[in-house]
Amino acid sequence: MTDTRIPRSKENDYSKEMAKKRREFIKEKTGEELKYTGEYTIDESVLPGNVENFIGIVQMPVGIAGPVRINGEHAQGDFYVPLATTEGTLVASYSRGMRVITECGGVTTTVVEQFMQRAPAFLFENAREARDFGQWVKDNFEAIKAAAETTTSIGKLKHIHQWSVARSRYLRFNYTTGDAAGQNMVGKATLAACEWIKHNYPGGANYLLSGNMDTDKKHSHLNMLHSRGKRVIAEIVIKKEILKAVMGVDTKMLAKATVLANTGALMAGAAYNGPHAANGIASLFIATGQDEANVVESHAGLFSHELLDNGDLYLAVTLPSLIVATFGGGTALPTQRECLNMLGCVGKDKANKLAEIVAATVLAGDISLGCAVIAGDWVSSHDKYGRNRG
């Protein structure tokens with residue numbers, strides 16, 4: 001009988017030999033040699049905790065957009081932003097938007113708040129018992145907080161949201177997590193808290209560690225209101241003369257087009273009403289070692305505008321659930337580390353700086369694409385530089 005098990009080593013599964021053995025296994029099973037996948041320069045010893053059954057590296061183009069001037073509380077100065085993408089015109093488009101931002105004096109960025117959640121569900125005999133349990137949780141918050149924080153020196157439990165449904169009580173634990181994204185951190189902390197609750201609540205309490213109200217790796221309207229990750233805002237006043245000179249677009253026309261786009265997004269039930277937050281976020285995430293699945297939460301938000309009396313245009317991007325990290329996960333991998341270092345986002349207390357850079361990048365992309373649609377060069381640019389060829 002043919003062995004279908006993927007080769008593994010109990011002694012050292014992260015080695016050139018084991019990667020080659022698995023590539024040979026895949027060639028035998030599928031016929032694909034994986035020549036380019038097997039050509040890489042990083043040391044396999046850095047990979048434990050990031051991947052299993054390692055066979056090689058997928059190489060993805062990285063381009064540089066910028067400079068973009070950011071007047072943030074954490075990100076201050078001119079930045080060159082690495083964007084990993086296979087979409088032609090994307091880097092050029094972001095650079096164009098960044099030029100407008102920089103010539104207008106820069107974008108102001110603000111991190112408003114930041115939380116990471118785990119949301120257990122507790123089950124009782126009836127709704128009244130569930131309601132009474134909720135009051136007990138409020139009365140014992142400090143003890144619950146102490147139990148949760150025994151598992152981490154970084155994570156801090158700030159508050160617990162509660163909802164009753166039938167005979168269940170859903171709790172949503174909200175933590176700050178330092179420079180880490182913190183999903184695993186808060187999962188471990190909440191488990192400790194729930195075990196403490198189970199053993200100290202009179203009569204005991206049965207629970208499921210995640211009742212799915214943390215909406216991990218999913219978009220939700222709840223996250224739009226109660227931030228998951230960082231709520232960060234990027235705002236700027238676009239000068240009408242500069243927009244006309246660089247983009248060939250009038251601020252009044254951009255304002256009118258934004259009204260139409262808002263209505264269309266509302267009718268469609270879109271998670272974001274601006275042109276394309278996910279493009280910049282995904283490209284920056286891949287370049288800097290973020291959890292790529294968090295794009296689904298992070299891209300949701302609000303694109304706001306106001307035409308001023310002098311004809312200038314106020315624009316703002318609000319990202320209520322931007323999940324970024326400068327510690328943990330893929331941020332320590334060699335190429336990702338280089339991109340973070342390029343942004344000055346390596347070291348302690350740099351996650352908010354990265355969040356501000358991401359928000360500024362999103363705003364730049366939205367300015368550029370919004371103007372491209374109006375000016376009529378959206379399709380022609382892709383014809384000339386992108387995927388429409390052929």
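How do the residues that line the second largest cavity divide into nonpolar, polar and charged? They divide into three nonpolar, four polar and two charged residues, where Ala, Val, Leu, Ile, Met, Phe, Trp, Tyr, Cys and Pro count as nonpolar, Asp, Glu, Lys and Arg as charged, and the others, Gly among them, as polar. The structure is a predicted model, in which local features need pLDDT of at least 70 and side-chain atom pairs count only at pLDDT 80 or more, while totals for chains, interfaces and linings use all residues. Residues are numbered from 1 along each chain as its sequence is written, and side-chain values use heavy atoms, with hydrogens and water left out.

**Cavities**

- The whole structure holds two cavities of 30 Å³ or more; a cavity is a set of points on a 1 Å grid over the protein atoms alone where a 1.4 Å probe fits but cannot get out, and its lining residues have an atom within 4 Å of a point.
- The largest cavity has a volume of about 90 Å³, a volume being the space filled by probe spheres set on grid points that are joined across faces, edges and corners.
- Of the 14 residues in the lining of the largest cavity, Thr177, Ala180, Ala181, Gly229 and Lys230 are the closest to its centre.
- At least two lining residues of the largest cavity come from each of β3 (107-118), β6 (168-176) and β8 (229-238), and β3 gives the most, with three residues; strands (E, at least two residues) and helices (H or I, at least four) are DSSP runs numbered from the N terminus.
- Eight nonpolar, five polar and one charged residues make up the lining of the largest cavity.
- α6 (221-225) and β10 (313-322) are the elements that give two or more residues to the lining of the second largest cavity.

**Nonpolar cores**

- The largest nonpolar core has 54 residues, of which Val81, Val100, Ile238, Leu243, Leu315, Leu363 and Ile367 touch the most other members; such a core is a set of buried Ala, Val, Leu, Ile, Met, Phe, Trp, Tyr and Cys residues joined through side-chain atoms within 4.5 Å.
- Helix α12 (residues 351-375) gives the most to this core, with eleven residues.
- Beyond its neighbours within four places in sequence, Leu363 is in contact (heavy atoms within 4.5 Å) with Ile101, Val107, Ala234, Glu235, Ile236, Phe303, Leu315 and Val317.
- A second, separate core of 25 residues includes Val137, Leu157, Ile160 and Ala205.

**Aromatic pairs**

- The whole structure has ten aromatic pairs; rings of Phe, Tyr and Trp (its six-membered ring) pair if their centres lie within 6.5 Å, with planes under 30 degrees apart counted as stacked, over 60 as edge-to-face and the rest as tilted.
- Phe124 and Tyr201 form an edge-to-face pair, at 6.2 Å centre to centre and 75 degrees between the planes.
- Phe124 lies in the loop between β4 (121-123) and α3 (127-139) and Tyr201 in the loop between α5 (183-200) and β7 (206-208), so this pair ties together parts that are 77 residues apart in sequence.
- Both Phe124 and Tyr201 are buried, where buried means under 20% relative accessible area, exposed over 50% and partly exposed in between (1.4 Å probe, protein chains only).
- Trp136 and Trp196 form a stacked pair, at 5.9 Å centre to centre and 25 degrees between the planes.
- Trp136 counts as buried at 16% relative accessibility, whereas Trp196 is partly exposed at 25%.

Notes: 1 Å grid on protein atoms, 1.4 Å probe; cavity = no way out; pocket = protein on both sides within 12 Å on 5 of 7 lines; lining within 4 Å.
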